[in-house]
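Work through these exercises with the structure open beside you. Try each task before you read its solution.

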Amino acid sequence: MATFVSPPASTTATKPAGSNPAVIGKEKVDYFNLPCPIPHDEIHREAMMSLKPELFEGLRFDFTKGLNQKFALSHSVLMGPTELPSQSSDTIKFPTAHYEFGANYLDPKLMLIGRIMTDGRLNARVKYDLSENLSLKATAQLTNEPHMSNVIANFDYKGKDYRSQFQLGNGALFGASYIQSVTPHLSLGGEVFWAGQHRKSGIGYAARYNNDKMVATGQVASTGLVVLSYVQKVHEKVSLASEFMYNHMSRDVTASFGYDYILRHCRLRGKIDSNGCVGALLEERLNMGLNFILSAEIDHQKKDYKFGFGLTVGE
Amino acid sequence: MSSSRIAGGVSLPDRGASSSSSKSGARGGVLSRVTSSISQSPVVYQGKRVACDAAFVAKKLLKSTGKAAWIAGTTFLVLVVPLIIEMDRDAQFTELELQQASLLGTPPSASSGQ
């Protein structure tokens, strides 16, 4: 296992060639034609779908207008209480209202997304395919507060049965990850990172097993974080997910369970975790291009109740 | 006699003082002794304590049960009630589609496109 994760930065094809003959004798699976694995930073994708729905509080209204095939403008209004980050256990909220203007340019080769808020925050995302296998992804968050802006650029290289990524960010952040398909269902990966500003470095290992009925993933990092997740597809439109997270440094353990129902006119996601937090998100399609969203989150431990509703027009 | 009885009725120490001398006072002394011996008996004392404890525990139990019921109820309201409503709606749509298909003979793809 360790041989697969040790060269996260090496993007050459020498690694799969060297590792494959070792396993080829055991089974009749064609180990030279393994499927390309999922990117390393997305290995929990299915579990996140039902366990981390985009819950919000207050009102939100999103409007997207496509000007032509590739270019679209978006407007959104957000109103509701915002939590102030504080050290004390009780939450402090104050009412806020924001308008957000955005522009999207979507092309098969180039994707540009920009968002600007009335409080001066700017988000930008770029995805550009430099060649067939190499692509560049960059995200930037700029604020008018000092030391809160950050920029991260990712170079992704997609091989035949492996993917590797090199990450560069401000604050001297360097990261690299590599994931390799070992069998048609199992893939193993690893990552290293170094944050120069905070003088922190770490190494992590990940494994993912998926077939058409279930997905199981595990991730261990030297920061003390252990994440295990399991997603079972009960039906083609129903999936159940569970996740176990353990942080060795802060010694906290969280287990959560969620469901994801895709019905004909709506999508419903719900989750409950061991911290006494319950959440649900309902996206109801009222008409073509008109969605109604209801969000609910109850934190029994903190006695924090968040409810929100919204409309999405366009898309 | 009557005056002493009244006096005995009014103030306890007077009755206690007269109980040693007068007949009616002696009868009252027996009664009070019996009641006091009953009220000070370990059985009654224990009973009282048990009743007190039981009431306390019952109150705590009722409170925690209520809290648990509240948490369970609100969780149910958030997680399960929307699911039931939406699944019911979906089932209704499917039924309606089937009915339309059987009545009009239209292909189900036409009705689902609405």
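**Exercise 1.** How many salt bridges does the structure hold over all chains?

*Solution.* This is a predicted model. Over all chains, the count comes to 20 salt bridges. Side chains of opposite charge can pair when their charged atoms come close. One network of salt bridges links A:Glu54, A:Arg60 and A:Asp62.

**Exercise 2.** Find the salt bridge of A:Lys306 and A:Glu83, and work out which parts of chain A the pair ties together.

*Solution.* Step one: check the distance. The two side chains meet at 3.1 Å, N to O. A salt bridge needs a nitrogen within 4 Å of a carboxyl oxygen, so the pair of A:Lys306 and A:Glu83 qualifies.
Step two: place the residues. A:Lys306 lies in strand 19 (residues 304-313) and A:Glu83 in strand 2 (residues 71-84), so the pair ties together parts 223 residues apart in sequence.
Step three: look at the cover. A:Glu83 has a relative accessible area of 35%, so it is partly exposed.

**Exercise 3.** Which elements of the two chains hold A:Arg264 and B:Glu97?

*Solution.* Step one: A:Arg264 and B:Glu97 form a salt bridge, with their closest N and O atoms 3.0 Å apart.
Step two: this pair crosses between chains. A:Arg264 sits in the loop between strand 15 (252-262) and strand 16 (266-273) of chain A, while B:Glu97 sits in helix 5 of chain B.
Step three: compare each value with the cut-offs. A:Arg264 is partly exposed at 30%. B:Glu97 has 17% relative accessibility; buried means under 20%, so B:Glu97 is buried.

**Exercise 4.** Is B:Lys60 buried or exposed?

*Solution.* Step one: find B:Lys60 in helix 4 (residues 42-79) of chain B.
Step two: its relative accessible area is 53%, and exposed means over 50%, so B:Lys60 is exposed.
Step three: look around. B:Lys60 belongs to a surface patch of positive charge with A:Lys303, B:Lys59, B:Lys63 and B:Lys67.

Key
Residues numbered from 1 in each chain as written. Chains lettered and ligands numbered in written order. Predicted model: local features only at pLDDT ≥ 70, side-chain atom pairs only at ≥ 80, totals over all residues. Heavy atoms only, no water. Patch = residues over 30% accessible without salt bridge, like charges linked within 9 Å, V, L, I, M, F, W, Y side chains within 5 Å. Areas by Shrake-Rupley, 256 points an atom, 1.4 Å probe, with all protein chains shown as cover. Lys, Arg positive; Asp, Glu negative; His and termini not counted. Charge placed at Lys NZ, Arg CZ, Asp CG, Glu CD. Helix = DSSP H or I, 4+ residues; strand = E, 2+ residues; numbered from the N terminus. Buried < 20%, exposed > 50% of the residue type's maximum accessible area, 1.4 Å probe, protein only.
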